[in-house]
Amino acid sequence: MKKKIIMIAICLVLGLGGIFYAFAANNALQEEQLQSQQIEAIETQTEAKLENVLAQRDMETILRNNGLYEDEVRKNMTKYLETIALYQVPQEHINLFLDRAEQGQDLDKLLDIYRFLFTYHQDYSLMDTMYQDGKKTNYKNGHWLEEAFNEATNYQGGVLNEAEIQAYLDQGLTLNDVHTANIFCFKGVKPIKTILDERLSGKSWYEIAVTVYPEANLEAGKFKNEDGLTIFEHIKTGLLNRESPNVSYDKSGEENKISTFSIQKISAKTVSANVVAKQKDVEFVLNDSMMELAKQKLPSLTDEEIRTNIEEKGYLIREMERGLVIAARRGITLDQAIRFYLIEE
């Protein structure tokens with residue numbers, strides 16, 4: 001009798017285990033379907049917005065009227081659509097891009113500035129000042145955005161010279177600490193030295209982050225032991241998806257512990273931007289018209305060399321055009337001219 005009761009108990013346990021497994025699997029399937037529907041909704045809404053933007057005012061014509069080459073037009077248009085999609089750009093700022101481009105300003109640089117200000121929670125009124133500051137060096141310095149921001153804000157976040165950086169390293173901090181502190185100081189809450197001094201005093205990046213980004217409401221259970229860059233990536237993801245950084249946190253996530261779903265939502269906007277760019281024939285790809293212009297402007301290069309330089313190395317036709325002149329004058333390769341000397345011209 002006891003053996004029979006035990007067997008029944010075992011069967012019940014196994015049966016319940018199967019029920020719970022099926023229940024969990026069904027919930028997982030429902031969640032996956034819901035997420036898929038949300039991704040489709042994001043794509044549909046994003047494409048509709050971008051098509052509406054293009055229908056109102058013609059940025060492509062403005063760029064062509066400014067004398068941009070075919071590849072420059074396509075690069076700018078693709079980046080323009082991606083920026084509007086990813087950064088949820090309101091109409092007033094879209095109008096700003098259009099107005100400034102009509103005035104002859106470099107749309108590519110305006111978009112870089114806008115993305116920078118969005119990422120660091122800064123006032124978009126700084127755009128014009130940063131644009132003019134960047135123009136002083138023709139935007140060629142690799143850190144021109146940071147320098148233009150520092151100029152525009154009267155160095156509110158502070159800067160470190162090499163000796164000061166080395167002093168922090170000698171006290172046990174790492175270059176990663178310095179880099180993270182530099183990112184955090186752009187928020188305008190604490191200068192870089194204060195942040196690094198707090199690290200020296202033993203504060204964790206979580207403790208510092210909650211004072212720099214109080215609006216993020218970072219959960220200690222998730223971020224208490226994370227490094228500063230991981231925390232910042234979650235804050236940035238939250239901004240792009242308009243969700244709490246706590247929502248995107250997934251300890252098993254491969255990229256900075258960001259959940260796959262949060263990454264998919266960002267990717268959906270980029271995909272939609274490229275779909276619209278392709279539909280409107282402004283996608284940044286080497287098509288026949290771009291190749292024809294490249295062959296006209298770069299007669300000394302073969303079709304294969306042109307294709308390699310554009311598709312694999314990412315060079316623009318105008319860069320190669322000027323680079324070839326420098327290469328001939330200095331007796332160097334085109335690669336060397338573009339990478340090391342073009343910024344001096």
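Analyst: What follows is a set of questions about the terms used for this structure, each answered from a value and its definition.

Analyst: This is a predicted model, in which local features need pLDDT of at least 70 and side-chain atom pairs count only at pLDDT 80 or more, while totals for chains, interfaces and linings use all residues. Residues are numbered from 1 along each chain as its sequence is written, and side-chain values use heavy atoms, with hydrogens and water left out.

User: Why is Ser272 called buried?

Analyst: Buried means under 20% relative accessible area, exposed means over 50%, and partly exposed is in between, all with a 1.4 Å probe and protein chains only. Ser272 has a relative accessible area of 0%, and therefore it is called buried. The residue lies in helix α15 (residues 260–279), where helices are DSSP runs of H or I with at least four residues, strands are runs of E with at least two, and numbering goes from the N terminus.

User: What does Ser272 contact, leaving aside its neighbours within four places in sequence?

Analyst: Contact means heavy atoms within 4.5 Å, and with those neighbours left aside Ser272 is in contact with Glu43, Thr46, Glu47 and Leu50. The side chain of Ser272 also reaches the backbone oxygen of Glu43 at 3.4 Å. A polar contact is a pair of N or O atoms within 3.5 Å; within protein, one must be able to donate a hydrogen and the other to accept it, and residues adjacent in sequence count only if both atoms are side-chain atoms.

User: Is Thr46 buried or exposed, and how do you know?

Analyst: Thr46, whose place is in helix α1 (residues 2–56), has a relative accessible area of 10% and is therefore buried. Leaving aside neighbours within four places in sequence, Thr46 is in contact with Ala85, Lys269 and Ser272.

User: Why does Glu60 count as partly exposed?

Analyst: Glu60 has 22% relative accessibility, so it counts as partly exposed. Its place is in helix α2 (residues 59–65), and, not counting residues up to four places away in sequence, Glu60 touches Val73, Met77 and Val282. Glu60 and Ile326, by contrast, are 266 residues apart in sequence and 31 Å apart in space, C-alpha to C-alpha.

User: What makes a group of residues a nonpolar core?

Analyst: A nonpolar core is a set of buried Ala, Val, Leu, Ile, Met, Phe, Trp, Tyr and Cys residues joined through side-chain atoms within 4.5 Å. The largest one here has 69 residues, of which Met59, Tyr80, Leu81, Phe97, Met130 and Phe184 touch the most other members. Its largest share, 8 residues, comes from helix α5 (residues 107–119). Apart from this core lies another, of 19 residues, among them Leu298, Ile306, Ile310 and Ala327.

User: Why is helix α13 described as largely enclosed by the rest of the structure?

Analyst: Of the 14 residues of α13, 10 are buried, so the helix is largely enclosed by the rest of the structure. The buried residues include Gly228, Ile231, Phe232 and His234. At the start of α13, a side-chain oxygen of Asp227 reaches to within 3.0 Å of the backbone nitrogen of Leu229.

User: How do you know that the span of α13 is close to the expected one?

Analyst: The expected span of a helix is 1.5 Å times one less than its number of residues. Helix α13 (residues 228–241) reaches 20 Å from its first C-alpha to its last, close to the 20 Å expected.

User: Where is Asn138 found, and why is it called partly exposed?

Analyst: Asn138 is found in the loop between α6 and α7 (144–152), and because its relative accessible area is 43% it is called partly exposed. Asn138 too is not a glycine, yet has a positive phi of about 60°.
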